[in-house]
Amino acid sequence: MCWIIHKSRLLYPTLHSCCCKTIHSDAKLKDPFTLAQKDLTSLYDDIKKELFVSKEELKSLNRAGAIAMISEMIHTASLVHDDVIDGSDKRRGKRTINEVWGERKAILAGDFILSAASMALARIGNNTVVKVLSQVIEDLVRGEFMQLGSKENENERFKHYLEKTFKKTASLIANSCKAVSILVNSDPEVHEIAYQYGKNVGIAFQLVDDVLDFTSGASQLGKPTAADLKLGLATGPVLFACQQFPELHAMIMRRFSSNGDVDRAWQYVLQSDGVQQTNYLAQRYGQEAIRQISMLRPSPERDALIRLTEMVLTRDK
Amino acid sequence: MLPATWSRLSCRALSTRGQRTLSLFSSSGPSNWTKVVSDAEKIVGYPTSFMSLRCLLSDELSNVAMHVRKLVGTQHPLLSTARGFVYDNRNNLQMRGVIVLLMSKAAGPSHAASDLLAQDMVSGIYPSQRNLAEITELIHTAFLVHRGIVNLKEWTVSDGPLKDMEFGNKMAVLSGDFLLANACTGLAQLNNTKVVELISSAIGDLVQGIYNENSNNTEENGLTDGVDVATWEEQTFLSHGALLAKSCQAAMELAKHDKESQRVAYKYGKHLSLGHKLNSDLQPFVKSSVGEPVSFSLGTAPVVFHRQIVGQERWRQQLQQAKTMRNQLDYSKLLAAVKSEKGVSSAVDLCCYHGNKALEAIQAFPSSEARSALENIASAITKF
């Protein structure tokens, strides 16, 4: 998250065309995780400290690191609540909190993580950063509400889906990127680049996730495939498939609740090019993320972020 | 000086709604309390609702309202919580919001801050303090909703269809989260990270308090070692006091009042909440309603006192004796057992202690209509 540290030679306007070369030259490949490893190793310990001791010593934690920690905490809190809402008993191959401790404690646990995150956020001491990350919390809930309803009109439905995807997934990444950029740089143009990068990577990430729900086996993703259909959710592949197979429309509207809906919808999706089209859309968001981040001056960190986008697009689990 | 302010308030109230004034001096328990709070609402210049209209009228909550209708006829607690918003009950009084506003008004305009303008004040209260009062109510309501989550593994046939319980949980999680999220963005808009930190810590306190509440109130817990009075106070502060205490303090911070004012405001909020909880815990024990079925939680103050007084052994015997044939607790029998000892009077004493502590704290502010209202509220919680 250090690509914005140098204030002066920040914008790198000529990179649009040559960014692709950077990606494909192996010599320059930077693995984003190796690059950030030093910062990440202590992240979970930091979260634990925040939840259990929450004392002065933690102020020493650097502020960008604090943002990374806070976004992970907000994310975790939302996952804990989502598992109660969806009635999931497994998350990434492990039993969920509601499964082990019951729904009441799971909700309290989520609320507690959120309060600890919010305190850590306040301790950074920057009002703008507090506002930017509080927006994420609101977006997450609004996204969850959007998931409750389906739209009758097909065009509206797609717009609804992308907006929901932004709120539920991309807002956290976009606003976290924006928050760190605000802490180290005063240029609003840079804040916008950071935000746009995060937003596009986030949406690409979720689109790929929605594809994997159809293409990946249960063992790889750690949850049963077609989980979204079972929850009554129509994601990208289904919405594209619906253009070829209008029969899907009725099923979407009743949220795949009739007997055999899930299997039939699944078959339609596999017969259609819904998966390819969603993948294509994901690629476009990925390219836009790369275009955005390439406007910053070159650095190993910037290249790592480009590489990260590629990894998001090509992951198979 | 107390009687003086009381008569002043009653005179003022007399002019508006004469017949209700009498209840100020009668000791009619909750209705007296209701009156004191609703009188106080007039001083701060706003009618009852602090729940932001933006929030109540949002698509999200209308959505929930629509869905909650499906729960009618089920046993899901969200239904009674939602009903509480519509019908006037004790939870709907929004007394936390009123107190935050009264405290803001009693402390008066800021002398320290140059960016706070006296002309922005409405009825002697800064806009940021009004927002804070609203946020306090949002958080309180969010947890009323989250308190009503059901453990699905404890589901029994008498709860109604499991599917309905799942759905009720879903709605409760979402609407509680929605209120909390609005509180978070509202807090951020206050532009004061100290206040954000303080109120966030109050949310953490609430969670811990409710967590303890869940594990103490169960009937099985009646047989194990219960909490002592000191622990009860600590836990009750977390579940019922921290939010108000910290919101009162935050209201002072928003007007840039000094540390001492902040301490006083915190103290008032803390003692008032504890007194208020003691008062409502005592209601089943002081009411003389013959024939009505009594019910109370085994975690209420008089029971906690009683257990400490009679000892674990006697308490276990009394619990056994209060068991009916069907192995259920006969609460009227248990009530009689508690009333026969000093548990009730000790709880009354503690209630008065906290009421007086709150009164004492508020004396630090100059005499005013708002301060009198805070005094009346503190006095009302010691009346039974």
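## Lysine 277 of chain B

B:Lys277 lies in helix H12 (residues 259-286) of chain B, where helices are DSSP runs of H or I with at least four residues, strands are runs of E with at least two, and both are numbered from the N terminus. The model is predicted; local features need pLDDT of at least 70, side-chain atom pairs count only at pLDDT 80 or more, and totals for chains, interfaces and linings use all residues. Residues are numbered from 1 along each chain as its sequence is written, and side-chain values use heavy atoms, without hydrogens and water.

B:Lys277 has a relative accessible area of 16% and is therefore buried (under 20% relative accessible area; exposed is over 50%, partly exposed in between; 1.4 Å probe, protein chains only). Apart from neighbours within four places in sequence, B:Lys277 contacts B:Trp232, B:Thr236 and B:His240, contact being heavy atoms within 4.5 Å.

## Chain B as a whole

Chain B contains 16 helices and zero strands. Of its 384 residues, 56% count as buried. Among contacts in chain B with a separation of 6 or more, 76% come from residues 24 or more positions apart. The chain exposes about 16500 Å², of which carbon and sulfur atoms supply 55%; accessible areas come from the Shrake-Rupley method with a 1.4 Å probe.

## Helices H5 and H9 of chain A

In chain A, the axes of helix H5 (residues 63-86) and helix H9 (residues 154-184) come within 9 Å and cross at roughly 165°. Axes are lines fitted to C-alpha atoms, for helices over the stretch in contact, and angles run from 0 to 180 degrees between N-to-C directions. H5(A) and H9(A) are therefore roughly antiparallel (over 145 degrees; under 35 is roughly parallel, 65 to 115 roughly perpendicular, the rest oblique).

Terms used:
Chains lettered and ligands numbered in written order.
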